[in-house]
Amino acid sequence: MQPLPGFRDFYPPDFAFRQLLFSRWREICRRFNFVEYEGPVLESLELYQKKSGEEILNQIYHFLDKGNRIVALRPEMTPTLARMIEAHYKEYKKPIKWFSIPQLFRYERAQKGRLREHFQLNCDIIGEADLEADIELINLAIDILRSFGLGKEDFIVRISDRQFWSEFLTKKGVAIEEWYQFFQAIDKIERDPKEEIERRLGGLAQEVFELIEKPCYWERFEVVLEGLRHRKLEEYAKIDLRIVRGLAYYTGVVYEIFDKAGKFRAIAGGGRYDDLLKLFGGEDIPAVGFGMGDVVLGEILKEKKLLEPSFPRLDVYVVFPEGKKNPLGLLLIEQLRSSGFSVEFSFHPLKMKKQLAQAQSLNARFALFVTEKLAEGFVELKNMDERKQFVIPVEQLVGFLEKKE
Ligand code: HAM
């Protein structure tokens, strides 16, 4: 039996890759003074009906639980974060800078870069309306990608602003209820046929296409670009009005990060969502953040061979005479493990040669022979790299293994 379409098994090398990716994410988030949080995998479906938008609602895994609640596997983290913050907002110093690495579930068509489950680093700043918070997050996303060895020739942050389009729509007299459909059409501009986009944009199509093609002046873009320029990061970003984001709750600066060659789906996406938290408690709380998935980033890092996990070496392989275990040897194994060393031995009787071959294939640093000398307080060790064999007193064993890192 195979796993379900779009779901992954993580065999040890895949798991080691994933852990290394997560540890890099965590390390860079901490440099920016973000703290980690987590929420439940299962939420009430209603949480997402509040404002995630149609597209994501159609992809939700939901079911009736035994208490007759309609529950959903989380398709994104932002509504959970909004709910959590709203319930305890007053208890935290502002701005709140939190990150999380949830596993998310979306019933999408499984394809390159898109699965039905993925892990997504979420970084959000809550309680800060200044554009500096938006810039800080773009800075963080760039630094995360750079920490993997990706450079400006590899990726680009495409920045836009929903306020630019809101102002355009207000001027054109488009009713607010129709804005989401408009944003959806722009969001699909690079994927759907031009005639389809034209049909959806109706009378605005011509003007929209012209605006997208030409460079435009918009003061908020200048502020963001200047912030990046001060950090010498301007070459990692560009203004691109085609980015509006598919999710319904964004209100301000939005961005998506893509590989420069255009071979992959989006690496990350985010923006400002100042109206979302109000839906949960009525309080006006500004918020901004982004999500970066493990799937596309993983594909890029594997292609460029930029993240290759290594497994820690086995410290000691214990060789029993003719494979026959004895209490002194077993006690020594237990003591070594309690002292923090990794120790392995054969579960069933094996010839000495076979045991040494196992030590070799497990990449052990030392083979330790349980001989009659152990009863007198001595162990025989073999350095597996230098192929040298020697005897040391048992009480010196721990110190010796520690030194030989
Ligand atoms: P999103 O654009 O839906 O945003 O997802 C962010 C990133 O998650 C994408 O750019 C992609 O790397 C990854 N991703 C999304 N769906 C899949 C999938 N089916 N398979 C693999 N990777 C995927 C959000 O979810 C927002 N809640 C992010 C956010 C946080 N906005 C503010 N704070």
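The legends below describe close-up views of a predicted model.

View 1. In total, 25 residues surround the ligand. The closest of these residues are E76, T78, E108, D124 and Y250. By residue class, the shell around the ligand divides into ten nonpolar, nine polar and six charged residues.

**View 2. Polar atoms facing oxygen atoms of the ligand.** Q120 places a polar side-chain atom 2.9 Å from an oxygen atom of the ligand. For I267, a polar backbone atom is 3.0 Å from an oxygen atom of the ligand. For A268, the distance between a polar backbone atom and an oxygen atom of the ligand is 3.4 Å. On its own, the ligand has 660 Å² of accessible area, of which the protein covers 96%.

**View 3. The cis peptide bond between K94 and P95.** K94 and P95 are joined by a cis peptide bond. The omega angle of this bond is about -10 degrees. P95 belongs to the loop between α4 (78-88) and β5 (96-100).

**View 4. The backbone at R245.** R245 is not a glycine, yet its phi is positive, at about 75 degrees. This residue, R245, is located in the loop between β9 (237-239) and β10 (253-259).

**View 5. The two assigned domains of the protein chain.** The domain assignment of the protein chain gives domain 1, covering 12-303, and domain 2, covering 316-403. A distance of 53 Å separates the C-alpha centres of domain 1 and domain 2.

How values were computed. Residues numbered from 1 in each chain as written. Predicted model: local features only at pLDDT ≥ 70, side-chain atom pairs only at ≥ 80, totals over all residues. Heavy atoms only, no water. Near = heavy atom within 4 Å. Polar contact = N/O pair within 3.5 Å; in protein donor to acceptor, adjacent residues only side chain to side chain. Areas by Shrake-Rupley, 256 points an atom, 1.4 Å probe, with all protein chains shown as cover. Nonpolar A, V, L, I, M, F, W, Y, C, P; charged D, E, K, R; others polar. Domains from an automatic or database assignment. Helix = DSSP H or I, 4+ residues; strand = E, 2+ residues; numbered from the N terminus.
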